[in-house]
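Please look over the structure below with its voids, cores and ring pairs in mind. A briefing by topic comes after it.

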Amino acid sequence: MTHRDIKSIAVFCGSNFGGSDEFANGARDLGKALGKAGIKLIYGGTTKGLMGVVADAALAAGGEVHGIITARLHEKGQSHEGLTFYEVAQNLRQRKQRMADLADAFVALPGGIGTLEEFMEVWTMNQLSEIDKPVGLLNTRGFFDKFLGFVDHMVVEKFLPPAHRHSTSVDADAEVLIGKLQAYQRIDVPKWM
């Protein structure tokens, strides 16, 4: 079995906490697991919501955290002051590109439309062979179940090859999810049906 050498993971997640403490607990578990594994966390650079939770947990576990925040949010005082590395991007597009360049893999936690859009972009980049970097969903509290049901609907309606449905690693356990990303093997099935 192949084992990917993953030195950094970009995490996309909510700048809110969500409606259950379980979401913060999942973010905390992921941050802790990354720190313990010596995997650098790359994220949006703020203290807000799950973003702050995952960063603080990674730092507390001895991990390195690289924050990339947009200039607009930085000017609003939302920057996390205690990070290992920090940079300000002019806009969201530049921030996303920088995160994609720095990361060896990607994980989305529960979040809103920005989280989903960032995740979908890197999943699409993989599908089009622009990158070869595994993507995963930390499925805390079954948050992504309905989204995955919609992805299954894409397969049924023949807009997505079945192999691409399974090109995303999914787990509610942070350590298990990291292991799945490390074991990921690229899907070489064409996107066209």
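Predicted model: local features only at pLDDT ≥ 70, side-chain atom pairs only at ≥ 80, totals over all residues.

Residues are numbered from 1 along each chain as its sequence is written, and side-chain values use heavy atoms, with hydrogens and water left out. Helices (H or I, at least four residues) and strands (E, at least two) are DSSP runs, numbered from the N terminus.

**Largest pocket**

- A pocket is an open set of points on a 1 Å grid over the protein atoms alone, with protein on both sides within 12 Å along at least five of seven lines; lining residues have an atom within 4 Å of a point.
- The largest pocket holds about 430 Å³ of space, where a volume is the space filled by probe spheres set on the points, joined across faces, edges and corners.
- It is lined by 24 residues, and S15, M51, L73, R95 and G114 are the closest to its centre.
- β1 (8-12), α3 (71-75), α4 (92-102) and α5 (113-127) each supply at least two lining residues.
- α5 gives the most to this lining, with five residues.
- The lining has eleven polar, eight nonpolar and five charged residues.
- In these classes, Ala, Val, Leu, Ile, Met, Phe, Trp, Tyr, Cys and Pro count as nonpolar, Asp, Glu, Lys and Arg as charged, and the others, Gly among them, as polar.

**Cavities**

- A cavity is a set of grid points where a 1.4 Å probe fits but cannot get out.
- The whole structure has two cavities of 30 Å³ or more.
- The largest cavity has a volume of about 80 Å³.
- Its lining includes F12, K96, F106, E118 and M125.
- Both α4 and α5 supply at least two residues of that lining, which divides into six nonpolar, one polar and three charged residues.
- The second largest cavity holds about 50 Å³, and W123, H164, Y184 and R186 are among the residues that line it.
- α5 supplies the largest share of this second lining, three residues.

**Nonpolar cores**

- A nonpolar core is a set of buried Ala, Val, Leu, Ile, Met, Phe, Trp, Tyr and Cys residues joined through side-chain atoms within 4.5 Å.
- Buried means under 20% relative accessible area, exposed over 50%, and partly exposed in between (1.4 Å probe, protein chains only).
- The largest core has 29 residues, of which I9, V11, L30, L34, L41, V107 and L109 touch the most other members.
- β1, α1 (21-37), β2 (40-43), α2 (49-60), β5 (105-108) and α8 (174-183) each supply at least two residues of this core.
- Another core, of 23 residues, lies apart from it and includes M99, M125, V135 and V151.
- L30 is in contact (heavy atoms within 4.5 Å) with V11, V54, V107, L109, L138, A174 and I178, not counting residues up to four places away in sequence.

**Aromatic rings**

- Rings of Phe, Tyr and Trp (its six-membered ring) pair if their centres lie within 6.5 Å; planes under 30 degrees apart count as stacked, over 60 as edge-to-face and the rest as tilted.
- There are six aromatic pairs.
- F119 and F147 pair edge-to-face, at 6.3 Å centre to centre and 80° between the planes.
- F119 lies in α5 and F147 in α6 (residues 145-156), 28 residues apart.
- F119 is buried because its relative accessibility is 0%, and F147 is buried at 15%.
- F143 and F144 have ring centres 5.0 Å apart and planes at 85°, so this pair is edge-to-face.
- F143 is partly exposed at 35%, whereas F144 is buried at 5%.
- One aromatic cluster is formed by F23, F119, W123, F143, F144 and F147.
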